[in-house]
Amino acid sequence: MGRRRTAGGAGCDGLIPSHTAAARLTSPRGNITVASIPVAEPGAGEVLVRMEACGLCHSDLFVASLEKLPLVPLTLGHEGIGRVEAPGPGAGRLAAGDRIGVTFLATTCGTCEWCLTGRERFCPRQLNFGYTVQGALAAYAVVPANALVRVPDTLPAAAAAPLCCAGWTAYGALREAGLQPGQSVALFGMGGLGHLAIQYARHLGLRVAAVDVSESKLEMARTLGAEMALPAENAGRALQKQWGGTDAAIVLTGSPAAVQQAFRSLKRTGTLVTSGLSTNQYELPIVDTVLKGISIRGSYLGTRADLAEVFRLAQSGVGCAHIESHSLDEVPVVLERMRRGEILGRAVIEFQGKT
Ligand SMILES: [Zn+2]
Ligand SMILES: [Zn+2]
C-alpha cells in the first residue's frame, strides 16, 4: 500500500495510505460490502479525517432500502468520530489534529429561512453524510468541513459516536415534545435512540414509560430508570389505564403500529412526536386528533445547541450509550442483526490505529 506525505501538522504522523477500507453500498437495495477505495486529497472546504469510531444507525438500513440513491457507490455512516488528518484549502476553523464528529448533516446552504433561524436541519439544499455525500464508515474519509461538530477529547470515541445521530435525535425529539419537569412521556422503541432518550428524559425530570417488542430491551429500559416498561401490543390502552395517558409520546422507530399505539397512549391535548424513519405510511383517527386537541409533530435531529448539550451531558455521565464494539469488516453482519432487532443499545465500529 503506497503512502504519501500530507500537509498535516500536530496530531498526525504525516503519512496517509493511498487506499482505505470502507463499508459501501454499490447499488440501490444492493449488498453492503467492505471494500478498499482510494483516499482522495481533501479539496476546497474539505478535510481528511482519520476515523476513530462510527456507530451503525437504522437510517443506514433505511438508505440501503431505498429504490433510488443519489450517489452510488456510497460509503455509509453518519455517527463518526475522528481527527482531522489534513485540512484542504479553505477548511476554515479546522486544523490538523482537531477532534470532530460526523453527523447526518453534511452541508447546508446558510442562506435559506431555516438556515438563518437556527433550524438548518430543515434546509432544502442540505447534503447528508452516508446518503448524498460519502459517509464515515471508512478508516479515512474526505468530508466537507462545513457542518462537522467539535468533540471533546475526554470522551472515548466509541462512546461519543452514537451521540452524533442517536443521541442528538433522541434529545431533539424530547425537546420537540415541549414538556415540563414532572410531566410524563412514553418512548416507543428502545433501540439506539430509545435507550439514550430514557436517560435524557429522566435528566429533564420527566416520568418515563418505555415501550418495545423485545423483552431484553424492556429490561434494559427498566435498568436505565423507566418507571414503566411495556410490551408494544396494547401499550396505548395500558398507559391510559395506569397513568390516565401521557403528556407526550415519542416514536423512535419507523413502525406504523408504534405510531398508532403512541397516539392511543396520549392524554387529551397531548403531543405525538415521530422521529423514526420509514417508507411506510400511518393512519390516525381524525376525530380523536381534533376532539382531544392532539398535536402531531415530526422531529429530525435537533438544534446545534442540542448537539452541544448532548456532548456536554455525556461528559457529566448523562446519556451514556450502551455499546457493542465491532471491526469494520463486521459491518454487513452487524447491520443484518440490527435489521432483525438484535442489537442492544448501539453497535459501534472501532477503527485500528486510533489516536
Ligand atoms: Zn442515524
Ligand atoms: Zn439552507
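Where does Pro73 lie? Pro73 sits in the loop between H1 and strand S6 (74–75). The bond that joins Val72 and Pro73 is a cis peptide bond, with omega at about -10 degrees.

Some housekeeping before the rest. This is a predicted model, in which local features need pLDDT of at least 70, side-chain atom pairs count only at pLDDT 80 or more, and totals for chains, interfaces and linings use all residues. Residues are numbered from 1 along each chain as its sequence is written, chains are lettered from A and ligands numbered from 1 in the order in which they are written, and side-chain values use heavy atoms, with hydrogens and water left out.

Now the metals, starting with ligand 1. Which residues coordinate the zinc ion (ligand 1)? They are Cys57 through SG, His78 through NE2 and Cys165 through SG, at 2.0 to 2.2 Å. A donor here is an N, O or S atom within 2.8 Å of the metal (3.2 Å for Na, K and Ca); water is not among the atoms, so sites may look incomplete. Along the sequence, the spacing of the donor residues of the zinc ion (ligand 1) reads C-x20-H-x86-C. Distant parts of the chain are linked here: Cys57 is in the loop between strand S5 (46–55) and H1, Cys165 is in the loop between H2 and H3, and the pair is 108 residues apart. Both Cys57 and Cys165 are buried. Buried means under 20% relative accessible area, exposed means over 50%, and partly exposed is in between, using a 1.4 Å probe and protein chains only.

Next, the zinc ion (ligand 2). Its donors are the SG atoms of Cys109, Cys112, Cys115 and Cys123, at 2.3 to 2.4 Å. Along the chain these donors follow the spacing C-x2-C-x2-C-x7-C. Why is the arrangement around the zinc ion (ligand 2) called tetrahedral? Because the four donor atoms subtend angles of 106 to 115 degrees. The rule is that four donors count as tetrahedral if all angles lie between 85 and 135 degrees. For reference, the ideal angle for four tetrahedral donors is 109.5 degrees.

Are the cysteines of this site buried or exposed? Cys112 and Cys115 are both buried. Cys123 counts as buried because its relative accessibility is 2%, whereas Cys109, at 22%, counts as partly exposed.

On to the largest pocket. Its space comes to about 980 Å³. A pocket is an open set of points on a 1 Å grid over the protein atoms alone, where a 1.4 Å probe fits, with protein on both sides within 12 Å along at least five of seven lines; lining residues have an atom within 4 Å of a point. The volume is the space filled by probe spheres set on the points, which are joined across faces, edges and corners. The lining of the largest pocket has 42 residues, and those nearest its centre are His58, Leu252, Thr253, Gly254 and Leu277. Helix H1 (58–65), helix H4 (192–203) and helix H10 (331–339) are the elements that give two or more residues to this lining. H1 gives the most, with five.

A few single residues remain. Arg29 is not a glycine, yet has a positive phi of about 60 degrees. Arg29 is in the loop between strand S3 (19–25) and strand S4 (32–38), and is exposed because its relative accessible area is 55%. Asn234, also not a glycine, has a positive phi of about 65 degrees. Asn234 is in the loop between strand S15 (228–231) and helix H6 (235–243), and counts as partly exposed at 38% relative accessibility.

Leu163 is in the loop between helix H2 (157–160) and helix H3 (166–177), and is buried at 1% relative accessibility. Leu163 and Cys320 are 157 residues apart in sequence, while their C-alpha atoms are 8.6 Å apart. Finally, Asp247 in strand S16 (residues 246–251) is 101 residues from Val348 in sequence and 33 Å from Val348 in space, C-alpha to C-alpha.

Methods
Helix = DSSP H or I, 4+ residues; strand = E, 2+ residues; numbered from the N terminus. Tetrahedral: all angles 85-135°; square planar, octahedral: opposite > 155°, others 65-115°.
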